[in-house]
Amino acid sequence: MMLGMWTMDELVERVRVALSAEYAGAPNGRVRDLPDRRAIRWYATIGLVDRPAAMRGRVALYSP
C-alpha cells in the first residue's frame with residue numbers, strides 16, 4: 001500500500017475511530033451515526049469529500 005493512502009474500508013474505519021472519540025451520534029436519529037461506504041462515495045460525488053487520490057486497478061485510494 002502507498003504511504004498515507006487508504007482503501008475505502010480503511011477510510012471508513014478511520015472515520016469510525018475518529019468519531020468514536022467525541023461524537024454522540026446524530027441527535028435526530030434520521031441519519032446513520034457513522035458514514036458507510038455508500039455515504040462516503042456520495043459525499044465525494046457532491047464535493048464534501050475529496051475524490052480518491054489514486055486508483056489501484058478498481059480500488060480507490062484516499063489520502064488524508
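The largest pocket is lined by W6, L11, V49, D50, R51, P52, A53, Y62, S63 and P64. A pocket is an open set of points on a 1 Å grid over the protein atoms alone, with protein on both sides within 12 Å along at least five of seven lines, and lining residues have an atom within 4 Å of a point. The volume of the largest pocket is about 150 Å³, taken as the space filled by probe spheres set on the points. Its lining has 7 nonpolar, 1 polar and 2 charged residues; Ala, Val, Leu, Ile, Met, Phe, Trp, Tyr, Cys and Pro count as nonpolar, Asp, Glu, Lys and Arg as charged, and the others, Gly among them, as polar.

The model is predicted: local features need pLDDT of at least 70 and side-chain atom pairs pLDDT 80 or more, while totals for chains, interfaces and linings use all residues. Residues are numbered from 1 along each chain as its sequence is written, and side-chain values use heavy atoms, with hydrogens and water left out.

The protein has 2 helices and 2 strands, in the order α-α-β-β from the N terminus. These elements are DSSP runs (helices H or I, at least four residues; strands E, at least two). Helix 1 (residues 8-22) packs on helix 2 (residues 37-46) at about 95°, and their axes, lines fitted to C-alpha atoms over the stretch in contact, are 10 Å apart. The two helices are therefore roughly perpendicular (65 to 115 degrees). M8, D9, L11 and V12 of helix 1 meet R37, I40 and R41 of helix 2, where contact means heavy atoms within 4.5 Å. By class, this contact has 4 nonpolar, no polar and 3 charged residues.

Of the 64 residues, 23% count as buried, that is, under 20% relative accessible area with a 1.4 Å probe and protein chains only.

| Residue | Relative accessibility | Contacts |
|---|---|---|
| M5 | 11% | E10, A53, A54, L61, Y62 and S63 |
| T7 | 18% | V59, A60, L61 and Y62 |

M5 and A60 are 55 residues apart along the chain, with 9.4 Å between their C-alpha atoms. Over the protein, residues 24 or more positions apart account for 54% of the contacts with a separation of 6 or more.

Methods
Axes fitted to C-alpha atoms, helices over the stretch in contact; angles between N-to-C directions. Parallel < 35°, antiparallel > 145°, perpendicular 65-115°, else oblique. 1 Å grid on protein atoms, 1.4 Å probe; cavity = no way out; pocket = protein on both sides within 12 Å on 5 of 7 lines; lining within 4 Å. Buried < 20%, exposed > 50% of the residue type's maximum accessible area, 1.4 Å probe, protein only.
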